[in-house]
Amino acid sequence: MTATLTDFHPLAESVQPVFDTVLARSPHEPEFQQAVHEVLGTIAPVLEKHPEYVEAGILDRVVEPERQIMFRVPWVDDAGRLQVNRGYRIQFSSVLGPYKGGLRFHPSVNLSIIKFLGFEQIFKNALTGQGIGGAKGGSDFDPHGRSEAEVMRFCQSFMSELYRHLGEHTDVPAGDIGVGGREIGYLFGAYRKITNRHESGMFTGKGTGWGGAEVRTEATGYGAVFFAQEMLAVRGDSFEGKRVGISGSGNVAIYAIQKATQLGATAVTASDSSGYVVDDAGIDLELLRQIKEVERGRIVEYANRRASARFVEGGSVWDVPVDIAVPSATQNELSLADAESLIGNGVLAVSEGANMPCVPDAVAAFQRAGVLFAPGKAANAGGVATSALEMSQNASRQRWTFGDSENKLREIMSDIHRAAFDAAEKYDVGGDYVAGANIAAFQRVAAAMLAQGVI
Ligand code: NDP
């Protein structure tokens with residue numbers, strides 16, 4: 001499923017040396033290189049207008065994490081065998097606020113993936129306008145097939161090191177792939193025990209009964225749909241009556257399906273690493289949640305229990321004809337061939353629910369074909385934005401209702417869309433949300449770095 005990246009097209013003279021340094025310093029980090037290349041490829045015009053950013057070495061600094069933490073995570077499985085995983089926390093930038101970004105538990109996790117995610121997070125968080133810095137962490141631990149007790153012991157061991165680097169004013173993690181409500185509970189519990197502090201504001205995505213905010217669980221999927229709704233509205237269009245293709249069947253996918261359905265569309269696909277299902281009658285969300293959230297089963301189960309659905313093993317979920325696509329599984333899951341297939345089937349809009357799910361050639365193909373394309377750092381920023389709302393509620397000991405929180409999320413996604421749209425217009429790349437999001441975010445980060453000096 002994961003595409004490989006063989007080379008990078010040359011960048012503008014003002015930014016190429018920065019990229020060369022990244023390649024030289026991080027030669028074995030293809031995902032990190034890809035994420036940096038995408039940002040550098042769009043912000044040269046900002047540097048032309050702001051030579052002070054070049055003089056202050058903003059780019060040279062922003063591509064280097066402020067701090068990188070790697071640590072051993074030893075734990076004992078149910079059979080009494082010792083297991084060792086590797087833990088990571090990349091604290092990329094705290095210029096706009098405390099480090100903020102999720103933890104990912106997946107066997108593919110390595111330094112490159114955590115650095116790419118942390119780098120993206122700086123700009124995503126800047127777009128939210130919520131005063132949060134960028135970070136990411138995780139481990140190559142695979143929760144699939146592990147017992148509750150094993151997951152808990154792993155989380156406790158992981159936190160026995162990570163706790164010393166966290167805090168509500170320092171670094172505030174959240175979930176990501178493989179880290180949902182269950183894992184956050186165990187991680188928070190371990191932090192509380194070790195530090196003797198019930199510090200609600202040091203973790204987001206908590207249960208709503210112990211400091212969690214309404215809509216945090218739904219926020220990333222809902223937000224990706226709200227962003228697509230904003231893009232469609234620019235063309236006088238909407239979700240009403242559309243067929244929507246969604247990949248993944250985790251947190252982001254489930255709530256993207258829910259919101260698209262509430263807006264009058266039919267969500268027809270879901271997937272996991274074993275294959276995908278097509279359900280022309282519309283995904284039955286309760287059944288999907290039962291299988292994925294309660295039973296932690298495989299996606300084939302959905303087709304086994306639903307007459308209108310079929311399971312496809314192998315192949316690509318993007319071969320299914322849809323009007324709107326919301327890739328919500330993982331990085332580089334949507335190849336150029338997938339983009340061509342979607343374009344051939346008349347796709348109108350693509351909104352990245354996952355981080356960097358479309359390979360660069362696929363993004364270019366969508367843009368050439370005039371497909372509305374929303375990059376993840378803008379489209380999936382609803383999750384972290386709602387995390388920031390959770391932090392505010394924790395700090396002020398308030399609790400907002402579901403309705404108030406959803407309205408606030410909708411407003412934030414509309415603001416992010418507006419910021420990306422306007423920045424693209426201002427820099428003569430109207431309609432290019434990749435450039436617009438990067439430019440709008442970079443300007444916020446660069447201005448703060450300039451103001452705070454060389455640090
Ligand atoms: P979950 O763990 O809840 O779900 C991930 C889904 O993607 C699962 O269906 C999983 O299938 C599938 N998947 C993961 N890796 C692969 C792979 N290598 N190949 C095929 N399928 C895969 O994660 P989330 O829904 O939280 O995250 C999904 C994406 O959204 C990620 O890119 C994440 O970074 C991004 N994101 C998440 C946010 C959040 O708030 N949760 C916020 C912003 C972005 P399987 O179970 O078979 O592995």
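Does K292 count as buried or exposed, and at what relative accessibility? At 15% relative accessibility, K292 counts as buried, where buried means under 20% relative accessible area, exposed means over 50%, and partly exposed lies in between, as calculated with a 1.4 Å probe and protein chains only. The model is predicted, so that local features need pLDDT of at least 70 and side-chain atom pairs count only at pLDDT 80 or more, while totals for chains, interfaces and linings use all residues. Residues are numbered from 1 along each chain as its sequence is written, and side-chain values use heavy atoms, with hydrogens and water left out.

K292 lies in helix α10, residues 285-294, helices being DSSP runs of H or I with at least four residues and strands being runs of E with at least two, numbered from the N terminus. The side chain of K292 meets that of D272 in a salt bridge of 2.7 Å, N to O, a salt bridge being a side-chain nitrogen of Lys or Arg within 4 Å of a carboxyl oxygen of Asp or Glu. This pair links distant parts of the chain, since D272 is in strand β8 (residues 269-272) and K292 in helix α10, 20 residues apart. D272 is buried, as is K292. Leaving aside residues up to four places away in sequence, K292 touches S249, I254, D272, G297, R298 and I299, with contact taken as heavy atoms within 4.5 Å.

By the same rule, the count comes to 29 salt bridges. One of them joins D171 and R89, whose closest N and O atoms are 2.6 Å apart; D171 is in strand β5 (residues 171-174) and R89 in strand β2, 82 residues apart, and the pair thus links distant parts of the chain. D171 is buried, with a relative accessible area of 0%, and R89 is likewise buried, with a relative accessible area of 0%. A further salt bridge is formed by the side chains of E411 and K408 (3.3 Å, N to O), which both lie in helix α16, 3 residues apart, or about one turn of the helix. E411 counts as partly exposed because its relative accessibility is 43%, and K408 is partly exposed because its relative accessible area is 28%.

Two residues other than glycine have a positive phi: R296, at about 50°, and R397, near 50°.
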